[in-house]
Amino acid sequence: METPCWCHLLNLYRQSVNNNFLSIFRPHVEICQPGWGYFNGYCYFTSSLCASWLAAVSNCSTMDAHLVTVHNQEENVYIQHRHNGERSWIGLNDRSVEDSFVWTNGELSKFRFWAPNQPNNLKNQDCVHTLGAKEGYIWNDVSCDSCHNFTCFKGKNGPSNKLFNIFYE
């Protein structure tokens, strides 16, 4: 029976240590595609140009995403900070049935953060935008033809909700 060479055992040990080191300290791998930010399980894209609400929905759709659904206050603040605290579209609207607000991706998120006396449907306001950090991260219903920046979101592997893909024409 042949005695193992200590140098061979030492090489196996070094190889094992190197593999473990690389698995722990390998370079950071991006979860989202370039230009998108990751937060709490979703990838977010923030527009730098304003668009009408319908154009924002369409732009998100071309990126295999949806106009953002807000699930909680932490996400609400995150989204508004992505716009440097300025006003921006979110996916909430009551275009189909007045006072029945729904998200563009069909999610049932019940989170709302309305400004006082909102929504008020003044002059047929059916789309929702954030009022920004200076206003305390609250929301307002406005005309869908207004021009605002917007946030798209999707799961790290595709649209945030593949079961519901509501397209607004």
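Me: Is Cys127 buried or exposed, and what is its relative accessibility?

Reply: Cys127 counts as buried, because its relative accessibility is 0%. The cut-off behind this reading is that a residue is buried when its relative accessible area is under 20%. Please bear in mind throughout that the model is predicted.

Me: With which residue does Cys127 form a disulfide, and how far apart are the sulfur atoms?

Reply: In general, a disulfide is a covalent bond between the sulfur atoms of two cysteines. In this structure, Cys127 is paired with Cys144, and their sulfur atoms are 1.9 Å apart. The torsion about the S-S bond is 90°, and the link of Cys127 and Cys144 is right-handed. Cys127 belongs to strand S6, whereas Cys144 sits in the loop between S7 and S8, so the pair ties together parts that are 17 residues apart in sequence. Cys144 also counts as buried, because its relative accessibility is 13%.

Me: How many disulfides does the count come to?

Reply: The count comes to four disulfides. Among them is the pair Cys32 and Cys43, with sulfur atoms 2.0 Å apart. The torsion about the S-S bond of Cys32 and Cys43 is about -85°, so this disulfide is left-handed. The pair links distant parts of the chain: Cys32 is in the loop between helix H1 (6-25) and S1, Cys43 is in strand S2, and 11 residues separate them. Cys32 and Cys43 are both buried.

Me: Where in the chain do Cys60 and Cys152 lie?

Reply: A disulfide joins these two cysteines, Cys60 and Cys152, with an S to S distance of 2.0 Å. The link of Cys60 and Cys152 is left-handed, with -85° about the S-S bond. Cys60 lies in helix H2 (residues 53-62) and Cys152 in strand S8, so to speak of distant parts of the chain is to speak of a pair 92 residues apart. Cys60 is buried, with a relative accessible area of 0%, and Cys152 is buried with a relative accessible area of 0%.

Me: How many salt bridges does the structure hold?

Reply: The reading rests on a distance: a side-chain nitrogen of Lys or Arg must lie within 4 Å of a carboxyl oxygen of Asp or Glu. The structure holds one salt bridge. Lys134 forms this bridge with Glu86, the closest N and O atoms being 3.9 Å apart. Lys134 is in the loop between S6 and S7, and Glu86 is in the loop between H3 and strand S4 (88-93), so the pair ties together parts that are 48 residues apart in sequence. Lys134 counts as exposed, at 74% relative accessibility, while Glu86 counts as partly exposed, at 43%.

Me: Which backbone nitrogen atoms does the side chain of Asp141 approach?

Reply: The side chain of Asp141 reaches the backbone nitrogen of Asn120 at 3.1 Å. A polar atom of the Asp141 side chain also lies 2.8 Å from the backbone nitrogen of Asn121. Leaving aside neighbours within four places in sequence, Asp141 is in contact with several residues, including Trp114, Gln118, Gln125, Cys127 and Val128.

Me: Which residues of helix H3 are buried?

Reply: In helix H3 (residues 73-82), the buried residues are Glu75, Asn76, Tyr78, Ile79 and Gln80. Their cover includes strand S1 (37-39), strand S2 (42-46), strand S6 (127-130), S7 and strand S8 (149-155). At the N-terminal end, Asn72 caps H3, with a side-chain oxygen 3.2 Å from the backbone nitrogen of Glu74. Just after H3, Asn84 takes a positive phi of about 55°.

Me: What pattern does the protein follow along the sequence?

Reply: The pattern is α-β-β-α-β-α-β-β-β-β-β-β, from three helices and nine strands. Of the 169 residues, 42% count as buried. Among contacts with a separation of 6 or more, 71% join residues 24 or more positions apart. The protein exposes about 10,300 Å², of which carbon and sulfur atoms supply 55%.

Key:
Residues are numbered from 1 along each chain as its sequence is written. This is a predicted model: local features need pLDDT of at least 70, side-chain atom pairs count only at pLDDT 80 or more; totals for chains, interfaces and linings use all residues. Side-chain values use heavy atoms; hydrogens and water are left out. A polar contact is a pair of N or O atoms within 3.5 Å; within protein, one must be able to donate a hydrogen and the other to accept it, and residues adjacent in sequence count only if both atoms are side-chain atoms. Contact means heavy atoms within 4.5 Å. Helices (H or I, at least four residues) and strands (E, at least two) are DSSP runs, numbered from the N terminus. Buried means under 20% relative accessible area, exposed over 50%, partly exposed in between (1.4 Å probe, protein chains only). Accessible areas come from the Shrake-Rupley method with a 1.4 Å probe; for residues, only the protein chains shown count as cover. A disulfide is a pair of cysteine sulfur atoms within 2.5 Å.
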